[in-house]
Amino acid sequence: MPRPPSPMRRQILDCALRLFAEHGFKGTSLHDIAVEARCSKASLLYHFTGKDAILTELLTPPAEGLSAMGEELAALTGGRAAESAVTGYVGLAMRFHLEIKIIFAELPDMLGHPVLAVIPRAVDQLAAALAGGSDEPRARVMAQMVIGGVAVTVASDVDAEPVTMRAELVRGALRTLGHPTS
């Protein structure tokens with residue numbers, strides 16, 4: 001069971017997120033996180049049972065966000081579904097860009113992580129919404145291109161202001177899906 005929120009707990013999570021994104025989950029030790037967070041390893045272990053517990057806490061919000069978005073999108077169809085899916089997905093990807101970078105860096109190992117078990121279903125729901133509910137191969141391929149393209153872009157180190165990045169991701173995703181853009 002997680003400990004209650006505290007400034008030190010948040011500091012540990014923030015430092016671990018940066019280190020995992022920069023060096024990978026396997027390439028970051030508890031000692032590295034403690035040094036970066038300016039706490040003792042004992043203090044770190046008071047807040048978290050280990051490195052996997054830190055990763056679980058970091059990956060839970062994006063997984064829950066994607067799952068919740070998938071549920072909301074299931075009720076929409078056509079162009080409305082695609083546009084809502086694009087803006088929602090880009091927003092989540094921008095918000096959790098470092099977490100996505102961690103997942104992509106060690107994808108085979110990460111897919112087995114328990115907190116990510118909701119992702120395949122949520123991605124299927126997102127793909128269906130991006131395709132506007134169509135089962136046509138072209139629509140499904142374009143939907144998968146948007147999912148992959150947005151994820152890879154936010155996980156990379158593109159030098160763009162967040163507002164510009166968001167606008168271009170939405171515009172590019174809508175264009176890929178064949179929707180008019182302004």
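The model is predicted, so local features need pLDDT of at least 70 and side-chain atom pairs count only at pLDDT 80 or more, whereas totals for chains, interfaces and linings use all residues. Residues are numbered from 1 along each chain as its sequence is written, and side-chain values use heavy atoms, with hydrogens and water left out.

**Exercise 1. Describe how helix 5 and helix 6 are arranged, and which residues make their contact.**

Step 1. Helices are DSSP runs (H or I, at least four residues), numbered from the N terminus; helix 5 covers residues 78-95 and helix 6 covers residues 97-105.

Step 2. Their axes, which are lines fitted to C-alpha atoms over the stretch in contact, with angles from 0 to 180 degrees between N-to-C directions, come within 5 Å and cross at roughly 80°.

Step 3. Because angles of 65 to 115 degrees count as roughly perpendicular, helix 5 and helix 6 are roughly perpendicular to each other.

Step 4. With contact meaning heavy atoms within 4.5 Å, helix 5 contributes Ala93, Met94 and Arg95, and helix 6 contributes His97, Glu99 and Ile100.

**Exercise 2. Identify the residues with the most contacts inside the largest nonpolar core, and the elements that give two or more residues to this core.**

Step 1. A nonpolar core is a set of buried Ala, Val, Leu, Ile, Met, Phe, Trp, Tyr and Cys residues joined through side-chain atoms within 4.5 Å.

Step 2. The largest such core has 35 residues, and Val86, Leu126 and Leu130 have the most contacts inside it.

Step 3. Two or more residues come from each of helix 4 (51-73), helix 5, helix 8 (119-130), helix 9 (137-155) and helix 10 (162-176).

Step 4. Leaving aside residues up to four places away in sequence, Leu126 touches Leu66, Met69, Leu73, Ala85, Tyr89 and Ile147.

Conventions. Angles under 35 degrees count as roughly parallel, over 145 as roughly antiparallel, 65 to 115 as roughly perpendicular and the rest as oblique. Buried means under 20% relative accessible area, exposed over 50%, partly exposed in between (1.4 Å probe, protein chains only).
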